[in-house]
Amino acid sequence: MQKKFSSNRYDPQGAVRDDVSRRHFIKGVIACGTVAGAAGLMTGCSDSGDGGSAPAGSAERLISINVNGMSRNVDVMPNETLAHTLRNKLGLTGTKLGCDRGSCGACTVMIDGTTVNSCSILTHTVRNANVVTVEGVGGGNGELHPVQTAMIEELAPQCGYCTPGQVVSGVALLQRNPNPTREEVRHALAGNLCRCGAYNNYVNAIVKAAGSA
Amino acid sequence: MADYNLIGKDFTPQDVRPKVTGTGKYSEDFKKDGMCYMKMLLCPMPSANVTNLDASEALAMPGVLGVLTADEVPAVDEPGYPMLTNKPRQLGMPICAIAAETESIAAEALERIRVAYEPQPFVLDPLESLYPGGPNALDSGNVTGGGEGNPPIHTRKWTARDFAEAGEDRLPMGEAPVEWSVGDVEAAFAEAALVIDEPFVTASSTHQALEPRSVLAYWENGKCFIHGSSQSQSWMMPGLARMMDVSLDDIVYIAEYCGGGFGAKASPYPIQGMAGYMAKKIGRPVMMRVTRAEEYHLGGTRPGFQGQVKLGFNANGKMIAADLYIVQSGGPNRGSGDYSSAAGALALVYTPTNMRFRGAAVVTNKPWHVSQRGPGQNQLATVVEPLMDRAAKELGIDRVAIRDLNAPEADVVFTESQSTVTSMYLKEAYKLGAEKFNWEEKKAMSGQRNGSKVIGVGVGSAYHSAGSNGFDGLISIRPDGKLYVHSGVGNLGTYSYAGTCRAAAEVLGCSWENTVVLRGDSRHGLPWTLAQFGSNSTFTNTRTNFVAATKAKEMLQRLAAMDLGGEPGDYEVANEAVTNTSDSSKTMTFAQAGQRAIELGGEWDGTEYPDNLNDVTKAALKNVTGSGLVATAKDELFKEGSVPGMAAAFCMIELDTDTGKYEILEMHSIADCGTVLHPQGLQQQLRGGAVMGIGEAALDRMIYDPQNGLCATVGLYQTKPPSILDVPTLIETDAVNQPDPQNPFGVKGIGEPAMGCAASALLSAISDATGTYFNRTPVDPDMIINALSGRPQSFTPLQVNV
């Protein structure tokens, strides 16, 4: 009863079944005239490992981006995602990667006040924008944003891996809507998956922060 | 109830702030000088023999540092799970790994490795493997574990007659590897006023922790350092030492944060070792970032069930007979005992006076299968709870009343091994839940229609054995005047590592501000304890910290008497000091005691320790000895019987009969977890468990293409966990708060039943709204629409991968 296997090109790392958005993404990069090591992308990795040993055909370029209110100079590959730049080149590891496919929201950052999945945007495209990560939502000297304070008080995080994304989504919501309803908070967090299921406590915290902000 | 300073009070665990600021470091957040990157070559088909592997072209690439093959790592016998293998028996099983200066180079190098595969027969459906002449997933057989005299894996085939007699609508029931019975089941069915006999399927589903299991490994001075993603800490040590072939002293394990595990990161898993072997081979720190898609192959899967359940009730609604047969679908590995645990849950939660269980755990060429939150008990809850509703309706009994009638008392004796429990308050949970939810009023709303929408009301429950014993406690009181509680518990996100440390502070009358929890890094000296699984930490580690703190108290009293005069009994320990009760000038602060213990050495500072400690604790003591007054003890307190974590949930939904979709209007979850240790933590577990339970009932499943054995669920959007919009705005929680007599503080665990009770309450509500018992999880809107419009479902009753 042996079944015939039709192809050995199936890529269990996701290139066949899980590549819809990624393929478009790569096409976009290629259309820009830069063919980076596509294998790296196809297998679901952005280029970890700092410059100097990039695949043939690509080159890093020094650019300046504004992150958390500071101008940062950084060597960036043409195909480099913002999440990668933040985590691996600027040391901002608060931004998490849960899927690297724009599905989970763990990598949520603000770009000019709007929440974006930083795994699915190229660093080159934010050169003229203000990027805010979880490290930048509070005040200076370690002062917490009211959303963060309320999340501590409400014991909102469980494993904590989605928490930075939830924080950024909550802060962005309060910036555009200082007094949201519970329903508005739920919709603002709809792109942030939490497998631990701490949703209620995140909403409680953001509503509480709105009251105290 | 006892009056405690810390037990039962809320507090802020030390790892909450780093979580909200993003400074908490998960394994992928670490960097090490000289760090390189590794990627795995995964098998592209469900079963194959690798006949040739040529990495020469890959190794010639600039930036490639090395390849690691199966020949260079420990061999594992079936049904163990290999680190690397030339006989992959699962889609996505690792064959070799490449290390390179960057991840892109590693990935590109993988494509240049030439592998010749010889495809092998494969099987995805356990029943196909049990069919005469059906394929075995492993070379050594198709059935694992369980049953007296059975080897760990062997071959078992049923007869064609077994299958023919069953037809499409019943589980074929050939000879079972595991079987037990209590009472006379056949006679009881003959007497029953109502018999329900149904086939069922619960889908295999995946844990989907949000953090993929990335690992960083390196070697320094002969020690292997591993930064891992795991829900356990000390439990990882012996397995990692064996895996890396070094002594316990030469493993440094760092896992301060873990982005979710749900059972799949409980014990050392083979790919953790891979980075260690590569690091040793190439002499560089190795980071392996695991992708989301890889997580579906290597991240663990809950075993699915195909089964038949027959329940007999008398006219009052008492379950007098139960006959359960479960065929468990595993991966190409030993898997977990879900099927046996499910039988135990049926025996305990519904107390059938006569019961028979038969089961078979069948291996398939699907991913690594491992326990998931409530392994067995939660699947069982989703199968039986809706049938309890059906029995209630057919016998004209209230649905809560029939559960209450069948619920166990504290003197329950269950299963063939005549198990007992340490405490039992399920009836109280039903009562409290019915009050809070306002069951009578809600029940009256059942079936109310508003246009195309109809109200459904449900109730469910679940059980898990939630506590263990026999592990070690370790505390130190240091010259800085602080109490250090060494915790070997992992950080799954439940905060029970912290809650249980409060037990030590409670015993010693020490303020929480002056208590330091040491955890997350074996260099702190962390004692042996069970993995953070099975809802056990709360019960297990309040006991270990109680015995260690009790010993510290006795040592402090003896030390004070020795130095200050009088008898040890003249002294009391409180406020970070030991003081003579009749002469308060005779006092020694924690700081002084810690200093004095260091001077004395011997039994005082950890140089001498009890012989009955586990080797992990003994190794840990090497990092603690001489730091202050060191007290360590093994938990030898009395324990007999299962420690039952029990939960009941109530749920109301509004179901749209046009679309099959529904909104959960209300959900209440009530715990019997003994004395509440940490109210916020409990609320969080009940809510989080309910959310995951909604996933179990309605969303979670792994799907395989039967022709090629490929996986169709390798993205979060393909097997979506519940999002915030899938769950109620506010899940209400409460607890019966009755102490368990076998814990010094009365506490026991709850994390797992929190999921099963909500899953079964939701299914109960869906059945209430639709009048259909689906006998399957997950129930999706298509199935609801088919049922409501009288169309047949698109699958047969025992079909899997749908």
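**View 1. The second largest pocket of the predicted model.** Sorted by class, the lining of the second largest pocket comprises 13 nonpolar, five polar and eight charged residues. Rolling a probe the size of a water molecule over the atoms shows where empty space is left.

**View 2. The interface of chain B and chain A.** Here 88 residues of chain B are in contact with 72 residues of chain A, and between them the two chains bury about 6,800 Å², of which 57% is on carbon and sulfur atoms. B:Val20, B:Leu210 and B:Ile724 together supply 12% of the area that chain B buries against chain A, which is more than any other three residues supply.

**View 3. Polar and charged pairs across the interface.** Between chain B and chain A the count is four salt bridges, and a salt bridge also joins the side chains of A:Arg87 and B:Glu28, with a distance of 3.9 Å from N to O. Across the interface of these two chains, 29 residue pairs are found in polar contact, with both residues at pLDDT 80 or more. On the side of chain B that touches chain A, the elements giving two or more residues are α1 (16–21), β1 (36–42), α3 (103–111), α9 (292–298) and α19 (679–698) of chain B, and α19(B) gives the most, with eight residues. By class, this side of chain B has 44 nonpolar, 27 polar and 17 charged residues.

**View 4. A salt bridge within one helix of chain B.** Over all chains the structure holds 48 salt bridges, and one drawn here joins B:Glu394 to B:Arg390, whose closest N and O atoms are 3.2 Å apart. Both B:Glu394 and B:Arg390 belong to helix α11 (residues 377–395) of chain B, where they are four residues apart, or about one turn of the helix. Side chains of opposite charge can pair when their charged atoms come close.

**View 5. Two cis peptide bonds in loops of chain B.** The peptide bond that joins B:Glu78 and B:Pro79 is cis, with omega about 0°, and B:Pro79 lies in the loop between β3 (64–69) and β4 (94–100) of chain B. A cis peptide bond also joins B:Thr777 and B:Pro778, with omega about -5°, and B:Pro778 is found in the loop between β31 (776–777) and α21 (781–788) of chain B.

**View 6. A positive phi at B:Asp245.** The phi of B:Asp245 is near 60°, a positive value in a residue other than glycine, and B:Asp245 is placed in the loop between α7 (236–244) and β13 (251–254) of chain B. Most residues other than glycine have a negative phi, and most peptide bonds are trans.

Notes
Residues numbered from 1 in each chain as written. Chains lettered and ligands numbered in written order. Predicted model: local features only at pLDDT ≥ 70, side-chain atom pairs only at ≥ 80, totals over all residues. Heavy atoms only, no water. Contact = heavy atoms within 4.5 Å. Buried area = accessible area lost by both parts, 1.4 Å probe. Polar contact = N/O pair within 3.5 Å; in protein donor to acceptor, adjacent residues only side chain to side chain. Nonpolar A, V, L, I, M, F, W, Y, C, P; charged D, E, K, R; others polar.
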